[in-house]
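Here is a briefing on one protein model. Please look over the sequence and the coordinates, then read the notes grouped by topic below.

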Amino acid sequence: MNNSTTGFDCIVIGAGIAGASVAAELSSDRRVLLLERESQPGYHTTGRSAALFTVTYGPEVIRALSRASAAFFHDPASPHLAHPLLEPRGAVFVARQDQQASLARTAEELGPHVTPLSGPEVETRVPLLRKGYATGGLQDASAADIDVNGLHQHYLKTFRAAGGVLQTKAEVQALRKEGDWQVDTNQGTFHAPVIVNAAGAWADEIATLAGLKPAGLTPKRRTALTVAPPEGMVPDRWPMVVDIDEQFYLKADAGKLLISPADATPSPPATPSPRNWTSRSASTGSKPPSTWSARASKAAGPGCAASCPMAIRWRGMILKVRGFSGLLAKAAMASRPPRRSPAPRRHWCGARKSPATSPPRVLLKKRFRGTARGWFNRPDPRPPRSACATCARARSLT
């Protein structure tokens with residue numbers, strides 16, 4: 001498709017979980033074009049998620065969207081899925097002695113969704129932890145692994161089955177309003193009255209191309225490693241482990257362990273690249289959760305740590321852009337993408353299918369409304385960490 005193409009009702013920019021889900025929903029009664037700059041959909045954050053469905057992890061708005069998505073995950077009723085999307089995993093939030101206030105506050109906030117654990121009970125569930133490290137915890141027995149590829153393919157197959165058109169290797173080079181919107185890419189020029197910006201970490205760049213003032217979205221990268229577990233330990237059925245203040249997390253992944261310092265370092269949008277982990281300093285000011293650090297760093301080896309863009313400062317943004325007819329932003333699911341994709345795409349598309357004269361506003365329930373600079377884009381509450389500090393903490397996790 002290397003020519004000027006008209007006849008589309010909507011063009012969605014970005015084929016990650018956000019773009020694919022909204023494109024699938026809109027294609028039920030519209031002619032939709034889905035543009036992806038990479039050679040395949042889901043190359044960035046969608047393909048690099050810890051992939052856990054839980055209603056207890058993240059800020060209030062994320063948990064609410066997860067609860068609203070639960071019915072779909074448990075019964076997707078899709079002809080494009082040959083097996084369930086969820087596999088039981090469980091999650092355990094762990095707390096040191098100095099984190100007891102955070103533990104009590106989180107327990108009160110999450111209420112019946114979690115069960116309190118003593119330190120020994122935490123150690124029984126997660127034998128990797130150093131004895132005495134955790135003095136308490138919370139268990140979310142309902143947490144489950146998400147088949148992210150299956151979920152993403154469900155959206156893409158639904159989209160194609162409805163007549164949607166996917167164009168890969170189509171980086172947007174220009175975007176302007178000439179009657180309909182005109183989108184210039186290296187694969188051709190495309191036209192539609194409605195553009196959906198689902199470009200994730202590149203959302204502000206797309207807005208700039210459209211002549212909009214950037215909303216101030218902050219792409220962030222996260223460091224993660226996949227490492228071999230200690231000899232004699234089989235982590236496959238361990239719950240996901242999350243520090244109560246989200247200073248780290250770890251999760252079994254295909255017989256290995258995915259570990260992360262849960263960093264969120266402001267970074268220009270870019271394709272993640274591996275880093276030489278063994279060249280980083282292992283010094284840290286806190287005692288690590290486990291005595292496994294030397295084996296973990298050796299098992300990881302060079303090139304096993306990668307950072308990926310995390311857009312929108314921990315919150316998703318779903319809104320109509322004020323003053324620009326036909327341009328809408330569903331910028332990202334990026335901080336917790338797969339587990340909350342069903343609810344936003346249904347709510348967003350349902351609102352979009354309402355009369356076009358509806359006033360511009362954030363398309364969520366009233367208590368979650370806000371602008372890109374408001375509720376959904378508050379700064380990360382944790383103090384920023386330098387790259388070296390991030391690597392040092394990650395290396396000391398286990």
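In α5, the buried residues are Val148, Gly150, Leu151, His152, His154, Tyr155, Leu156 and Phe159. Buried means under 20% relative accessible area, exposed means over 50%, and partly exposed lies in between (1.4 Å probe, protein chains only). The model is predicted, so local features need pLDDT of at least 70 and side-chain atom pairs count only at pLDDT 80 or more, while totals for chains, interfaces and linings use all residues. Residues are numbered from 1 along each chain as its sequence is written, and side-chain values use heavy atoms, with hydrogens and water left out.

- α5 has 14 residues and spans 20 Å from its first C-alpha to its last. That is close to the 20 Å expected at 1.5 Å a residue, where the expected span is 1.5 Å times one less than the number of residues.
- Helices (H or I, at least four residues) and strands (E, at least two) are DSSP runs, numbered from the N terminus.
- Gly163 sits in the loop between α5 and β9 (165-167).
- Why does Gly163 count as partly exposed? Its relative accessibility is 33%.
- Gly163 and Val32 are 131 residues apart in sequence, yet their C-alpha atoms are 7.9 Å apart in space.

**Nonpolar cores**

- A nonpolar core is a set of buried Ala, Val, Leu, Ile, Met, Phe, Trp, Tyr and Cys residues joined through side-chain atoms within 4.5 Å.
- The largest such core holds 32 residues, and Val12, Leu34, Ile146 and Leu151 touch the most other members.
- Elements that each supply at least two residues of this core include β1 (10-13), α1 (17-26), β2 (32-35) and α5 (148-161).
- α1 gives the largest share, seven residues.
- A second, separate core has 19 residues, among them Leu33, Leu175, Phe190 and Ala201.
- Beyond its neighbours within four places in sequence, Val12 is in contact (heavy atoms within 4.5 Å) with residues including Gly19, Val22, Leu34 and Val196.

**Helix α1**

- α1 is mostly covered, with ten of its ten residues buried.
- The buried residues of α1 include Ile17, Ser21, Glu25 and Leu26.

**Strand β5**

- β5 (residues 91-95) is mostly covered too: five of its five residues are buried.
- Ala91, Phe93 and Ala95 point one way from β5, and Val92 and Val94 point the other way.
- β5 runs antiparallel to β7 (residues 136-140), joined by five bridges. Ala91 has Asp140 as its bridge partner in β7.
- β5 runs parallel to β15 (residues 240-243), joined by four bridges. Phe93 has Val242 as its bridge partner in β15.

**A three-stranded sheet**

- Three strands form an open sheet in the order β10-β11-β12, with antiparallel pairing. Two strands pair if DSSP finds at least two bridges between them.
- β10 (172-178) and β12 (188-192) are the edge strands, and each pairs on one side only.
- β10 and β11 (residues 180-185) pair over six bridges. Ala174 stands opposite Asp184 in β11.

**Whole protein**

- The protein has nine helices and 22 strands.
- Of its 398 residues, 57% count as buried.
- Among contacts between residues at least 6 apart in sequence, 75% join residues at least 24 apart.
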